[in-house]
Amino acid sequence: MHSLSEYWQQRLIDRQQQHLHRTRRVLMTPQSTIVSVNGDQCVNFSSNDYLGFANHPSIVNALEQGAKRYGVGSGASHLVCGHSYEHHALEDELAEFTGRDRALLFSSGYMANVGVMHALLNKHTSVFQDKLNHASLLDGAALSAARSVRFNHNDIDHLTARLESDEAQHKVIAVDGVFSMDGDVADLSSICPLAREHNACVMVDDAHGFGCLGDTGRGTLEYHQLSQTDVPIYMGTLGKALGGFGAFVAGDSTMVDNLVQFARSYVYTTAMPPAMAAAMRVSLTLLTTEAWRRDQLQEHIHYFTDTCRINDVPLVPSMTAIQPVLIGDSETAVLISQQLMEQGCLVVAIRPPTVLQGQARLRIALSAEHTVEQLDHLIHTLRDTCKRYGVLNREMSL
């Protein structure tokens, strides 16, 4: 019989042999389009800092001033003595910005999704999830008492069949607003009417849509012109387009108060630092006052996809800042990623179990702060490297 330590060691060996072993990169600089990684300077095409807010001078200053006023730590959970004025003000401003009755801060998007699922679902609930939903939604459902039902990615017919054959007392449809590894947008214009027909509640994880999509950056719901009635449970993150840290869940007062009372990942964790909440208030304001960033991001997306098409770079179709290049096997994806790094482009290879077996890819993330010259360099390097490894002119579909 093998010891537990031997089991751990063998599991790591298996990961390495399958080209799935993960390592951490050490950044010596702030998040930006130019970063120093493990001592090498490169152009960053892997960050979720879509609008360039992570090192924005006004947000940095707000964090500094917040720390001077409130110190570093919050000291306790929100329900003990860790809920500051800055937390409360940010929640009110997020509620107003998203057009909802209330918003509740969480320390991360993962904690928000797990908290929602555990607090709001019960054994009489079936939760219907897109097969490409983020791990936090899947884990949240697994930790709840609800029955999990999966449907094929953005497949409304399959979802309809699942709903019609299910006899649960309560039904919830949970989807990513923008799917984090594919970059495509959930078909909420079809999902929401279907949910009304089946008396189901819709939840949207808009981690990668909030701040980027919609005319004013209010995310996937603004893009689809949907209200709180259409999507009663809305989760957004503060660590991607807003450049900071944390997350929130917004909806009506009854739903939010249920989270305050029953979401274990809210009740039993230390509140985010008040200084971070102060910084995120400034970031939320900048979504409006610096709307040019969102416009510039859209210009970069169009330029990148059009130029890749001209150069036969095999992109998976996406109209968001997430632009995947499907490679297939993990070893080749890692090799191409390494070749790109040698040419000064940080593009991380995404492998199973983050994506399905046989769907390893390069996940390119565009920023408003990239330059056209940087985009051109990446495109030409991608074209040459993909050609060398025989992945040009493939039919890219997932």
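**Figure 1. Cysteines and disulfides in the predicted model.** A disulfide is a covalent bond between the sulfur atoms of two cysteines. With a disulfide taken as a pair of cysteine sulfur atoms within 2.5 Å, the count for this predicted model is 0 disulfides. Cys42 takes part in no disulfide, and the nearest cysteine sulfur, which belongs to Cys345, is 8.2 Å away. Cys42 has 3% relative accessibility and therefore counts as buried; the classes are buried for under 20% relative accessible area, exposed for over 50%, and partly exposed in between (1.4 Å probe, protein chains only). Cys308 is likewise in no disulfide. For Cys308, the nearest cysteine sulfur is that of Cys386, at 9.1 Å. Cys308 is buried because its relative accessibility is 0%.

**Figure 2. The salt bridge between Arg281 and Glu93.** Side chains of opposite charge can pair when their charged atoms come close. A salt bridge is counted here when a side-chain nitrogen of Lys or Arg lies within 4 Å of a carboxyl oxygen of Asp or Glu, and the count comes to 9 salt bridges. In the pair shown, the closest N and O atoms of Arg281 and Glu93 are 2.7 Å apart. Arg281 belongs to helix α12 (residues 274-289) and Glu93 to helix α4 (residues 85-98), so the pair ties together parts that are 188 residues apart in sequence. Helices (H or I, at least four residues) and strands (E, at least two) are DSSP runs, numbered from the N terminus. Glu93 has a relative accessible area of 26% and is partly exposed. A network of salt bridges links Glu86, Glu93 and Arg281.

**Figure 3. The salt bridge between Asp230 and Arg196.** The closest N and O atoms of Asp230 and Arg196 are 2.8 Å apart. Asp230 is located in the loop between α9 (220-224) and β8 (233-237), while Arg196 is in helix α8 (residues 188-197). This pair links distant parts of the chain, 34 residues apart. Asp230 counts as buried at 19% relative accessibility, whereas Arg196 is exposed, with a relative accessible area of 54%.

**Figure 4. The salt bridge between Arg383 and Asp384.** Here the closest N and O atoms are 3.1 Å apart. Arg383 is partly exposed at a relative accessible area of 27%, and Asp384 is partly exposed at 38%.

**Notes to the figures.** Residues are numbered from 1 along each chain as its sequence is written, and side-chain values use heavy atoms, with hydrogens and water left out. The model is predicted: local features need pLDDT of at least 70, side-chain atom pairs count only at pLDDT 80 or more, and totals for chains, interfaces and linings use all residues.
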